[in-house]
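Please look over the sequence and the structure shown here, then read the points below.

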Amino acid sequence: GGIWMNTQRPEWNDANNALVGKGLSVVTLGYLRRFLVFCRQLFDRAAGPAVPVSREIAAFFSQVADSLARFAPHLATGFDDQQRKAMMDALGEAGSAFRGGFYQHGLSGEVVPLPVAHISQFLALAQAFVDQSLRANRRPDGLYHAYNTITLTGDRASIHTLYEMLEGQVAILSSGLLSARDALALLDSLRHGPLYRPDQHSYILYPDRELPGFLAKNCLPAAQVAGLELVRALASAGDHRLLSADLDGVYHFAGGLRNIKDVNRVLSALAADPAYAALVQSEAGQVRALYEAHFNHQQFTGRSGSFFAYEGLGSIYWHMVSKLLLAVQEAAFQARSEPDGAALSLALRQCYRDIRQGLGFNKTPPVYGAFPADPYSHTPKGQGARQPGMTGQVKEEILTRQAELGLRLHAGCLSFDPFLLDPAELLAEPGTFTWLDGAGASHSLALPAGSLAFTFCQVPIIVHRGDPARIEIHYTDGRLETIPGTLLDQPTSQHIFHRDGVEFLTVSLAI
């Protein structure tokens, strides 16, 4: 189902703020997978055989690990509602035992060794559960669920799915779960599905839809309540605490009923009345089901399902589109290490460029509705860009832009990869590049046709066509060093990071 949002607080997407308490986030689950993969790599490189932890943490760790191991056989077949609830209880009891002990006694101060091998086994098992859950959230159309809801009844935990959301597709792409072929299938479904908005050549957060007007709400045709003797008896008595009929014979739940708890309070009051007690006993379940089916509060998300601006219906949220851009960029690079990687990575690169074409600076002012180079929060349906400001979109744009220019980082070393570099960005005619150094002094360099320039850590990098690939390092003391290939060593990279010793780089690439 996802990570249970039981803290009564929304997460990133506060437009879904009505989900807290009953919502399950597949989005957070996708990012948890990414973190688990990182942690597994971290502990695989651990220097010692064990990690010192408090005795209480070690006990908590063992209890959680034992619970996961006990339910691991269900990973192959999936979980039914009872198995899901049993696992939630087991993990919840482990957490409650640790928290209760900590609140009552604190930590003992006793430190015990936790073997790194046990941690690695635990992380691998945890990832297996996360992977199973993510795969279970694949929709028939090839997209993935973003948020679900949970209903707890007795020994069961039931999962109910919501409509598709762009956020869920970004999370699953970022998680690293998908192969390049699966990523392509998802992006194809996304491009040809209800989240694509042709007028902006981009993607909305949720499918647009028509909402019922005020007068169309809370209207139940007589046929829907025809079999309920309790409703008939209340109507005959002129009792409108539960339902009432208008002049056209259409029934309406009482205006004071805000949720199922209010319905239950009215049913309890009616059950105490001898005139209705037997009818309530036999039909209360049907009345509750009718109320829930009509209002469907379980599926209410908040403003994402009822507003038409900000993060509402028909609205593009540009930060999420930039997150999609970054996720697809990562998938394109990762594809090159897979079988048939060359063709798959080129296809993903095309998807990346298609998404990029829908973002700000590629638009004209009439289409964007603002100056295209300025960051804006969102674009509502039928309007131009709104809410200017340095939104979160900026950080993804910095990361994606670096790779578009060919700049990448590997194990603390700068490298250059022209995979995403668009030859159309190279200068058609000679030009001049001007920049400020770390002391604020202005400098200029002449650029030949067929080149481009940018700065990284205030060090200019000039990229141009050249074969074979090589890097020329121009040091501040006048030295020039030429190295073959596209990878700088760590000491030279450190000089660039620290802004000392390197004046500029000239990089020749097969573009």
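**Helix packing, pockets and local backbone features**

Helices H2 and H3 pack at an angle of about 175 degrees, and their axes lie 9 Å apart. The two helices are therefore roughly antiparallel to each other, since angles over 145 degrees count as such. The model is predicted.

**Helices H2 and H3**

- Helix H2 covers residues 55–71, and helix H3 covers residues 81–105.
- From H2, the residues Glu56, Ile57, Phe60, Gln63, Val64, Ser67, Leu68, Arg70 and Phe71 take part in the contact; they meet Gln83, Ala86, Met87, Ala90, Leu91, Glu93, Ala94, Gly95, Ala97 and Phe98 of H3.
- Sorted by class, this contact of H2 with H3 has 12 nonpolar, four polar and three charged residues.

**Helices H9 and H10**

- Helix H9 (residues 260–271) packs with helix H10 (residues 277–295) at an angle of about 170 degrees, with 10 Å between the axes.
- That angle makes H9 roughly antiparallel to H10.
- The crossing of H9 and H10 is right-handed.
- H9 contributes Ile260, Val263, Asn264, Leu267, Leu270 and Ala271 to the contact, while H10 contributes Ala277, Val280, Ala284, Val287, Arg288, Tyr291 and Glu292.
- The contact of H9 with H10 has 10 nonpolar residues, one polar residue and two charged residues.

**Helices H5 and H11**

- H5 and H11 pack at an angle of about 25 degrees, with their axes 9 Å apart.
- H5 and H11 are therefore roughly parallel to each other, as angles under 35 degrees count as roughly parallel.
- Their crossing is left-handed.
- Leu166, Glu167, Val170, Leu173 and Ser174 of H5 meet Met320, Val321, Lys323, Leu324, Ala327 and Val328 of H11.
- By class, eight nonpolar, one polar and two charged residues make up the contact of H5 with H11.

**The largest pocket**

- The largest pocket holds about 1500 Å³ of space.
- It is lined by 39 residues, of which Gly2, Ile3, Met87, Met88 and Leu91 are the closest to its centre.
- Elements that each supply at least two residues of the lining include strand S1 (3–4), helix H1 (26–44), helix H4 (116–136), strand S5 (147–153) and strand S6 (156–161), as well as H2 and H3.
- H3 provides the largest share of this lining, with 11 residues.
- The lining of the largest pocket has 23 nonpolar, 12 polar and four charged residues.

**The second largest pocket**

- The volume of the second largest pocket is about 1000 Å³.
- Among the 32 residues that line the second largest pocket, Arg34, Leu326, Glu330, Ala331 and Arg408 are the closest to its centre.
- H1, H5 (166–175), helix H6 (180–191), H11 (318–335), helix H14 (393–404) and strand S14 (407–410) each supply at least two residues of its lining.
- The largest share of this lining, eight residues, comes from H11.
- The lining of the second largest pocket divides into 17 nonpolar, eight polar and seven charged residues.

**Local backbone features**

- Asp467 and Pro468 are joined by a cis peptide bond, with omega about 5 degrees.
- Pro468 is found in the loop between strand S19 (459–465) and strand S20 (470–475).
- Ala411 has a positive phi of about 50 degrees, although it is not a glycine.
- Ala411 is found in the loop between S14 and strand S15 (413–416).

Methods:
Residues numbered from 1 in each chain as written. Predicted model: local features only at pLDDT ≥ 70, side-chain atom pairs only at ≥ 80, totals over all residues. Heavy atoms only, no water. Axes fitted to C-alpha atoms, helices over the stretch in contact; angles between N-to-C directions. Helix = DSSP H or I, 4+ residues; strand = E, 2+ residues; numbered from the N terminus. Parallel < 35°, antiparallel > 145°, perpendicular 65-115°, else oblique. Left-handed = near helix turned anticlockwise from the far one by under 90°. Contact = heavy atoms within 4.5 Å. Nonpolar A, V, L, I, M, F, W, Y, C, P; charged D, E, K, R; others polar. 1 Å grid on protein atoms, 1.4 Å probe; cavity = no way out; pocket = protein on both sides within 12 Å on 5 of 7 lines; lining within 4 Å. Points joined across faces, edges and corners; volume = space filled by probe spheres on them.
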